[in-house]
Amino acid sequence: MVNILIQGLALSGLYALLAVGFTMIFSVGRVLNLAYGVYIMLGGYMYYTAVQVMGLPKIGGFLFAIAAGIAFAVLTYSILVRRLEGNPVAVEIATLILAVVMQSLIILIYRPVSKSMWPVVQGVFRYEGVFVTYNLLVAMVVSWVALAGLLIFVRYTRYGRAIQAVSMDRKGAIISGIDPRRMNLLTWAISGALGALAGVFFATYTQLNPSMWVGPLIVAVAVVVVGGIGSIVGSLIVAHIIGFMETFTTAMIAAELRGVFTMVLIIVVLVVAPKGLFGRGEL
């Protein structure tokens, strides 16, 4: 059970990184970014390219992956989404098409085969019958540190408070001299960084493949819908619920069913509480 607890904490941390980035974009820009899973895919592939192909040190691989996630997110907003603001459906369709195009490019460059990626940290922690990889422990710690840093940034910095202002009252923020488009751009950049960071560990946790963006996108949508669209606290709590549910299902029932209970949870919440367990939240 201790193994399940630790693995659940690690997976939940990664899910929280995904969900928080996804919900920030919606909370500030009022759009669903269906290309969000591409950040995870880019993070994994860019780290693989930097470390296992180019031979860069692991810290260089992380920086390369995060830079790629930020660049893709910023370009997506600047070139595509900014021109479609005011039409959420068009944004959803355009970002989903973009995700499929990026998958095709990955297939073209890396071929449609799965690739194994080296763990960020080698070795296994053993203590009284508990066996957990150091890679999983590092993933857990990095996720928590990144989330704590994000919460401090949003709560206590000038730009973080400006993002909150746009999230709560766009017109009021404009009157106060805040440029919503600049805050949108900053939010997308943060989202790209979080997604790419999570992608590195997802790739070491599973495998690199061109369709790896789909699963994390579904999880991000699930966490945001169940937790309450726009609620960071709700996203954090539900990410841990789903992470533990999937870990327990994989270990105790069947790996093939790991996503089934998540989908059932979404349906139940949509029927019982359409606004999510925590309703419409604030950043």
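Reader: Leaving aside neighbours within four places in sequence, which residues is Ala 189 in contact with?
Author: Contact means that heavy atoms lie within 4.5 Å. With its neighbours within four places in sequence left aside, Ala 189 is in contact with Ile 70 and Val 74.

Reader: Before we go on, from what number are the residues of this predicted model counted?
Author: This is a predicted model, in which local features need pLDDT of at least 70, side-chain atom pairs count only at pLDDT 80 or more, and totals for chains, interfaces and linings use all residues. Side-chain values use heavy atoms, with hydrogens and water left out, and along each chain, as its sequence is written, residues are numbered from 1.

Reader: Back to Ala 189: is it buried or exposed?
Author: Ala 189 lies in helix 8; helices (H or I, at least four residues) and strands (E, at least two) are DSSP runs, numbered from the N terminus. Buried means under 20% relative accessible area, exposed over 50% and partly exposed in between, with a 1.4 Å probe and protein chains only. Ala 189 has a relative accessible area of 16%, so it counts as buried.

Reader: How far apart in space are Ala 189 and Leu 75?
Author: In sequence, Ala 189 and Leu 75 are 114 residues apart. From C-alpha to C-alpha, the distance between Ala 189 and Leu 75 in space is 9.3 Å.

Reader: Which residues is Thr 76 in contact with, leaving aside neighbours within four places in sequence?
Author: Thr 76 belongs to helix 3 (residues 58-80). With a relative accessibility of 4%, Thr 76 counts as buried. Leaving aside its neighbours within four places in sequence, Thr 76 is in contact with Val 81, Leu 98 and Trp 188.

Reader: What distance separates the C-alpha atoms of Ser 27 and Ile 232?
Author: Ser 27 sits in helix 1 and is buried, because its relative accessible area is 0%. Along the chain, Ser 27 and Ile 232 are 205 residues apart. Their C-alpha atoms are separated by 9.4 Å.

Reader: Now a pair of helices: is helix 5 roughly parallel or roughly perpendicular to helix 6?
Author: Two packed helices are described by the angle between their axes and the distance between the axes. The axes are lines fitted to C-alpha atoms over the stretch in contact, and angles run from 0 to 180 degrees between N-to-C directions. Helix 5 and helix 6 pack at about 75°, with axes 5 Å apart. Angles under 35 degrees count as roughly parallel, over 145 as roughly antiparallel, 65 to 115 as roughly perpendicular and the rest as oblique, so helix 5 and helix 6 are roughly perpendicular.

Reader: Which residues of helix 5 and helix 6 make that contact?
Author: Two helices take part, so let us take them in turn. Helix 5 brings Phe 153, Val 154, Arg 155 and Tyr 156. Helix 6 brings Arg 158, Tyr 159, Gly 160, Arg 161, Ile 163 and Gln 164.

Reader: Which helices do the buried residues of helix 6 pack against?
Author: In helix 6 (residues 158-168), the buried residues are Gly 160, Ala 162, Ile 163, Gln 164, Ala 165, Val 166 and Ser 167. These buried residues of helix 6 pack against helix 1 (2-29), helix 5, helix 7 (170-175) and helix 8.

Reader: What is the volume of the largest pocket?
Author: On a 1 Å grid over the protein atoms alone, a cavity is a set of points where a 1.4 Å probe fits but cannot get out, while a pocket is an open set with protein on both sides within 12 Å along at least five of seven lines; lining residues have an atom within 4 Å of a point. Grid points are joined across faces, edges and corners, and a volume is the space filled by probe spheres set on the points. For the largest pocket, that volume is about 370 Å³.

Reader: Which residues lining the largest pocket are the closest to its centre?
Author: The largest pocket is lined by 18 residues. The closest to its centre are Tyr 15, Phe 202, Gly 215, Pro 216 and Arg 258.

Reader: Which element gives the most to the lining of the largest pocket?
Author: Helix 8, helix 9 (214-227) and helix 11 each give two or more residues to the lining of the largest pocket. With 4 residues, the most comes from helix 9.

Reader: Which elements give two or more residues to the lining of the largest cavity?
Author: The search of the whole structure finds 1 cavity of 30 Å³ or more. Its lining is made of Leu 14, Asn 135, Leu 136, Ala 139, Phe 201, Thr 204 and Tyr 205. The elements giving two or more of these residues are helix 5 (134-156) and helix 8 (180-205).

Reader: Last one: how far apart in space are Glu 256 and Gly 160?
Author: Glu 256 is in the loop between helix 10 (232-252) and helix 11 (260-272), and its relative accessible area of 68% makes it exposed. In sequence, Glu 256 and Gly 160 are 96 residues apart. In space, C-alpha to C-alpha, Glu 256 and Gly 160 are apart by 40 Å.
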